[in-house]
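Q: Hi, I have a structure open and would like to go through a few of its details with you. Could you take my questions as they come?

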Amino acid sequence: MLRTGIRVLAVLLSCGAAPVLAQQIHLTLDDLEAPGFSVKALKASLQGKDRRGLVLDIGTFSIGERSWRNARLLCADLRFESAQIDCAAGTIDIGEKIPLSFSYSGANNTLDVVLRPAARESWQLQARFGQPAAMFKVIVDNGRLARLASWLPATLPQPAAGTLKGVMTYSGSGTASAQLLIEELAFSDASGLHAGEKIRAGVEIRAEHKSGRWQWQSRLEWMAGGVFWQPLFVSGAGQVLNAAGVLNAQQINIERGRFVVAGAGDIDFSAAYDRAAGRVAEASIKTTDIDIAALYEKLLKPALQATVLGDLRWDGRADIALEVKDGAVAGADLVLKRVSVEDKGRRFALFGLEGSVPWQRDRLTMARIKMTGGELLRVPLGAVDLPLELRGMRLRARRLEIPVLDGRISIGDFDASGEGPEWHWRFSGNIAPISMERLTSSLGVPVMRGTLSAVIPTVSYQQSTLKVDGALLFRVFDGDITARNLALESPLGRVPRLTADVDMRNLDLDLLTRAYSFGNMTGRVDARISGLELVNWQPVQFDARIVSSAGDYPRKISQAAVQNISALGGAGAATAIQRSFLRFFEQFGYEKLGLGCKLRNNVCEMSGIEDAPQGFVIIKGGGIPAISVIGYNRQVDWRELVDRLKRITQDNVRAIVK
Amino acid sequence: MKTAMWLRMGLIALALEFSGQALAQANLEINTPAIAGLQSGMQQRHLQLAGFYASGAVGLTRDGSIALRDANAVPLPQRQQVNSLIAAENQDRAALYREIARANGKPEWESDIRATFAQRWIQKAQPGWYYQNAGGVWTRK
């Protein structure tokens with residue numbers, strides 16, 4: 001309890017032989033002490049005419065854990081009558097000179113102090129000492145919140161602007177309360193990564209001291225302003241935070257907390273904050289039936305800008321629970337209820353997600369997610385049932401079947417684990433026949449016929465590189481494609497780099513050429529691309545060769561196809577055909593075709609089936625009517641070649657009509 | 001365009017003035033699909049970053065990257081976007097140095113190429129932009 005008292009120590013100073021008059025009075029005041037408040041080493045002197053000029057030196061002045069030393073209070077016109085002291089206009093110098101007034105009544109044991117640091121700003125303390133208990137009341141009007149910066153731990157973001165209005169009370173009998181309105185609050189830490197601005201919020205706190213601890217309850221209503229807490233940005237729009245708990249010397253406990261996000265749902269939480277260690281010892285966050293669309297729009301979307309998850313449409317609800325122990329997430333539970341998510345750019349979509357994902361840091365859990373359908377790059381996916389084994393930072397799926405159009409992708413033994421931000425995973429699988437016609441139509445690329453099927457050996461991803469161990473086998477265009485030594489560095493980076501050796505056997509030219517409006521060809525071809533290197537999906541180097549497959553099968557080439565093949569080196573064939581009787585034929589026979597390209601430094605060194613005078617044979621005629629195509633330009637700029645394929649313009653290939 | 005010019009001037013200056021024994025023959029204007037892809041991405045991003053260089057929010061570091069110098073110069077709702085831009089730019093810069101070294105057939109030159117770029121980005125920076133001096137202290141150009 002607060003003790004107070006005033007003793008007059010010295011009264012007199014002599015002035016020669018003149019009548020003895022007291023010119024200065026020195027006073028020593030007892031220390032004032034109350035829980036969380038103390039004033040020590042007070043020395044006062046009354047000076048000047050009528051000794052009304054007060055100079056009060058305060059050795060130490062403490063509120064809570066904050067102390068000031070060597071503060072000085074000046075009052076030019078102090079009224080001092082028996083048990084009443086009044087100062088209508090004084091100043092206190094605590095590093096900053098602040099105008100104040102105060103009034104002390106010894107009879108009533110009351111102290112009233114008003115600080116007016118700035119125009120329209122006032123901090124008023126009304127105190128009543130003595131029995132049964134001291135009472136303190138602080139009334140703030142237009143109080144600058146920046147003044148509180150030095151009261152807060154340096155590790156917390158500091159207030160830089162804003163005002164406070166309201167009343168705080170404290171009773172020595174053990175109750176405290178506050179009703180405050182915060183306006184235009186701005187705060188930030190040194191990095192600027194935890195900051196808020198233009199915040200308007202109302203705060204109500206009630207607390208009671210019982211059995212050595214404070215029981216408290218609070219309500220915070222966040223009406224306006226924005227907070228950036230990296231990576232989240234949230235705007236205040238009527239969110240309400242209710243919390244109640246216990247405060248003691250060791251911990252701050254939130255026993256019942258509820259955060260009401262208008263339009264999304266309620267988030268319930270509890271937590272224990274270890275004051276000595278300065279960290280969350282335990283916390284539990286739980287939300288039931290939260291609207292995922294609202295949660296995404298209000299909380300997650302600003303943080304995901306410029307990522308593949310930055311523009312999504314969500315539907316459905318979820319239950320989310322998180323457990324924190326010793327400052328780290330120890331468990332999580334996610335229940336999805338008819339959740340759908342769709343990329344507005346139509347890159348992917350998942351529909352009808354249902355399931356539960358329990359996760360514990362230290363033990364094995366089983367999760368199961370079902371999906372009624374989806375879409376990837378506009379290719380429809382069917383229903384998926386995904387059982388998952390989770391343990392810490394490891395997840396496994398023994399079998400996953402994804403229906404794709406009329407076929408399916410099967411993935412077996414998917415095993416992923418993460419260490420810090422680095423993840424690595426592996427799986428094997430196969431692709432059961434998918435109609436190429438339907439697949440290419442869905443992808444919006446030239447329609448191809450045939451089916452796509454594949455055997456996928458072990459695929460692994462580690463240190464930003466995806467590798468296929470063994471041969472990746474595809475069946476397309478009625479032939480086989482084998483990719484070996486396949487590796488993809490930085491698949492999600494700006495410069496993905498793919499290397500592989502590719503072998504194609506017995507591709508059906510009819511299916512292939514129909515796909516690319518190339519002009520029809522019948523026959524079969526083999527192709528080999530060795531040392532293929534694509535950077536940023538552009539070829540940098542390869543040795544490629546395409547030749548007619550061995551065997552007996554019809555070999556026909558349409559007039560249009562002849563022209564287009566010729567166009568790889570020039571457009572002479574078109575003129576040659578048009579000038580001869582051959583223009584009456586739609587199709588020609590051929591014996592063999594072959595074309596090679598060795599790409600180095602953007603130059604394709606071309607070759608054919610065999611050399612011809614000043615050139616090389618691309619198509620060797622056979623049957624009646626037959627046609628041969630000879631190329632003359634062995635060095636072709638790669639980009640130009642690609643352009644020619646697109647535009648068909650040059651004229652350094654000539655068709656020889658037999 | 002100012003953006004493209006800044007980037008291009010930097011590259012040309014590098015090609016002309018590149019010094020150092022081992023790097024004397026390095027072709028810093030070498031063009032590969034990877035480098036072209038990176039430059040194109042960086043040029044587009046520069047349009048978004050230019051204002052933040054000018055405001056001092058983002059500065060050029062002495063190791064050839066960029067960094068958030070003063071978050072308080074960025075409106076709160078945009079702060080995460082700036083963080084993402086910086087991360088993406090630094091990823092591209094690292095890839096650019098690596099690809100130039102690789103395209104020259106000298107992957108071991110990567111750190112020297114980075115150091116030279118670091119100096120040149122700063123030399124070609126516009127007045128008012130911030131950069132880290134040799135001691136790592138932010139300095140206004």
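Q: Let's start with one cysteine: is Cys87(A) buried or exposed?
A: Keeping in mind that this is a predicted model, Cys87(A) counts as buried, with a relative accessibility of 2%.

Q: And which residue is Cys87(A) joined to by a disulfide?
A: Cys87(A) is joined to Cys75(A), with an S to S distance of 2.0 Å. Cys75(A) is buried as well, since its relative accessible area is 2% and the cut-off for buried is under 20%.

Q: Which parts of chain A does that pair tie together?
A: Cys75(A) sits in strand E6, which covers residues 66-75, while Cys87(A) belongs to strand E8, which covers residues 84-93, so the bond links parts of chain A that are 12 residues apart in sequence.

Q: What about the handedness of that disulfide?
A: The disulfide of Cys75(A) and Cys87(A) is right-handed, because the torsion about its S-S bond is about 105 degrees.

Q: How many disulfides are there over all chains?
A: There are 2 disulfides in the structure. Cys597(A) is buried at 11% relative accessibility, and Cys604(A) is buried at 0%. If you number the bonded cysteines of chain A in sequence order, they pair as 1-2 and 3-4.

Q: Switching to chain B, at what angle do the axes of H3(B) and H4(B) cross?
A: The axes of helix H3(B), residues 79-103, and helix H4(B), residues 110-124, cross at roughly 125 degrees and come within 9 Å of each other. That angle makes H3(B) oblique to H4(B), and the crossing is right-handed.

Q: Which residues meet there?
A: On the H3(B) side they include Leu96(B), Tyr97(B) and Ile100(B), and on the H4(B) side they include Ile113(B), Phe117(B) and Trp121(B). Sorted by class, the contact between the two helices has 8 nonpolar residues, 4 charged residues and no polar ones.

Q: Last topic: where does Arg484(A) lie?
A: Arg484(A) is part of strand E35, residues 479-489 of chain A, and it counts as partly exposed, with a relative accessibility of 41%.

Q: What is Arg484(A) in contact with?
A: If we leave aside neighbours within four places in sequence, Arg484(A) is in contact with Gly470(A), Ala471(A), Ala500(A), Asp501(A) and Asp503(A). As for Asp141(A), which is 343 residues apart from Arg484(A) along the chain, the two C-alpha atoms are separated by 76 Å.

Notes. Residues are numbered from 1 along each chain as its sequence is written. Chains are lettered from A and ligands numbered from 1 in the order in which they are written. This is a predicted model: local features need pLDDT of at least 70, side-chain atom pairs count only at pLDDT 80 or more; totals for chains, interfaces and linings use all residues. Side-chain values use heavy atoms; hydrogens and water are left out. A disulfide is a pair of cysteine sulfur atoms within 2.5 Å. Helices (H or I, at least four residues) and strands (E, at least two) are DSSP runs, numbered from the N terminus. Buried means under 20% relative accessible area, exposed over 50%, partly exposed in between (1.4 Å probe, protein chains only). Axes are lines fitted to C-alpha atoms, for helices over the stretch in contact, and angles run from 0 to 180 degrees between N-to-C directions. Angles under 35 degrees count as roughly parallel, over 145 as roughly antiparallel, 65 to 115 as roughly perpendicular and the rest as oblique. A crossing is left-handed if the near helix is turned anticlockwise from the far one by less than a right angle, and right-handed if clockwise. Contact means heavy atoms within 4.5 Å. Ala, Val, Leu, Ile, Met, Phe, Trp, Tyr, Cys and Pro count as nonpolar, Asp, Glu, Lys and Arg as charged, and the others, Gly among them, as polar.
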